[in-house]
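Here is a friendly walk through a structure, from the way its chains pair up down to single side chains. Please keep the sequence and the 3D view open as you read.

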Protein chains: 2
Amino acid sequence: MKALVYVSFKKTVLDPQGQTIRKALVGMGHHSIAEVRQGKVFEIDLAPGTERKQAEAEIGQIANDVLANPVIEEYRVEIVD
Amino acid sequence: MKALVYVSFKKTVLDPQGQTIRKALVGMGHHSIAEVRQGKVFEIDLAPGTERKQAEAEIGQIANDVLANPVIEEYRVEIVD
């Protein structure tokens with residue numbers, strides 16, 4: 001079983017890295033780029049035999065406690081397979 | 001229109017950052033975590049009126065030339081809206 005955790009800044013938090021990428025792209029002639037925000041994605045392989053319900057609970061806890069900072073970041077968990 | 005670009009190391013490339021996260025999680029008692037790989041996600045807003053076909057071509061080019069290093073990374077483009 002595999003889990004994907006997407007972590008990105010909350011909409012209300014400035015993302016200077018994304019702004020820099022946007023400026024660079026516009027400078028390269030990509031004038032249709034209005035905004036860029038950069039986030040992280042964690043691809044987590046779970047040990048064989050892990051149950052889906054247990055995986056959902058465990059990955060949700062890991063995302064909230066370790067992978068994301070809930071003060072400034074939001075996350076989305078996706079369980080695949 | 002919005003585009004999502006997912007960038008991650010190729011499977012053949014070592015991901016020390018992911019390995020460190022895995023070790024930390026196992027150390028915290030999450031023994032079901034077999035592997036962690038970390039990637040990046042870029043959320044790109046396109047100017048209103050951009051056509052889907054043009055957006056796909058432009059974002060594909062940006063992903064290949066700027067956002068990912070095709071030597072060691074693979075990427076996936078998703079156009080939404």
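## Salt bridges within a chain

A word before the details: this is a predicted model. Let us begin with one charged residue, Glu35(A), which counts as partly exposed at 33% relative accessibility. Its side chain meets that of Arg37(A) in a salt bridge, with 3.7 Å from N to O. Arg37(A) itself is buried, since its relative accessible area is 13% and the cut-off for buried is under 20%. In chain B, Arg37(B) and Glu35(B) also form a salt bridge, at 3.7 Å from N to O. There, Arg37(B) is buried at 11% relative accessibility, and Glu35(B) is partly exposed at 34%.

Another pair to look up in chain A is Glu73(A) with Lys40(A), whose side chains meet in a salt bridge of 3.7 Å, N to O. What does this pair tie together? Glu73(A) sits in strand β3 (residues 73–80) and Lys40(A) in strand β2 (residues 33–46), so the bridge links parts of chain A that are 33 residues apart in sequence. Glu73(A) is buried, with a relative accessible area of 12%, while Lys40(A) counts as partly exposed at 30%. Over all chains, the structure holds twelve salt bridges.

## How the two copies are related

Now zoom out to the two chains together. Chain A superposes on chain B through a rotation of 180° with 0.0 Å of shift along the axis, and the RMSD is 0.0 Å. The two copies are therefore related as by a two-fold rotation axis.

Which residue of chain A comes closest to that rotation axis? The answer is Lys40(A), whose C-alpha lies 2.2 Å from the axis. This is the Lys40(A) that pairs with Glu73(A) in a salt bridge.

## The interface between chain A and chain B

Where the chains meet, 31 residues of chain A are in contact with 31 residues of chain B. Of the interface residues of chain A, 100% are also interface residues in chain B, so the copies meet through the same surface. Between them, the two chains bury about 2,600 Å², with 58% of that area on carbon and sulfur atoms.

How many salt bridges cross the interface of chain A and chain B? The rule finds two. The side chains of Glu43(B) and Lys11(A) meet in a salt bridge of 3.1 Å, N to O. On the side of chain A that touches chain B, α1 (16–27), β2 and α2 (52–67) each supply at least two residues. The largest share of that side, 14 residues, comes from β2(A). Sorted by class, the side of chain A that touches chain B has 16 nonpolar, seven polar and eight charged residues.

## A closer look at Gln38(A)

Strand β2 of chain A is also the place of Gln38(A). Is this Gln38(A) buried or exposed? Gln38(A) is buried, because its relative accessible area is 14%, and buried means under 20%.

The neighbours of Gln38(A) come from both chains. Leaving aside residues up to four places away in sequence, Gln38(A) touches Asp15(A), Gln17(A) and Ile21(A), along with Lys40(B), Val41(B) and Phe42(B). With one of these, Gln17(A), the side chain of Gln38(A) makes a polar contact of 3.1 Å.

## A closer look at Val80(A)

For our last stop, turn to Val80(A), which has its place in strand β3 of chain A. Val80(A) is partly exposed, with a relative accessible area of 24%. Not counting residues up to four places away in sequence, Val80(A) touches Met1(A) and Lys2(A).

Note on methods:
Residues numbered from 1 in each chain as written. Chains lettered and ligands numbered in written order. Predicted model: local features only at pLDDT ≥ 70, side-chain atom pairs only at ≥ 80, totals over all residues. Heavy atoms only, no water. Salt bridge = Lys/Arg side-chain N within 4 Å of Asp/Glu carboxyl O. Buried < 20%, exposed > 50% of the residue type's maximum accessible area, 1.4 Å probe, protein only. Helix = DSSP H or I, 4+ residues; strand = E, 2+ residues; numbered from the N terminus. Least-squares fit on C-alpha atoms with pLDDT ≥ 70 in both. Contact = heavy atoms within 4.5 Å. Buried area = accessible area lost by both parts, 1.4 Å probe. Nonpolar A, V, L, I, M, F, W, Y, C, P; charged D, E, K, R; others polar. Polar contact = N/O pair within 3.5 Å; in protein donor to acceptor, adjacent residues only side chain to side chain.
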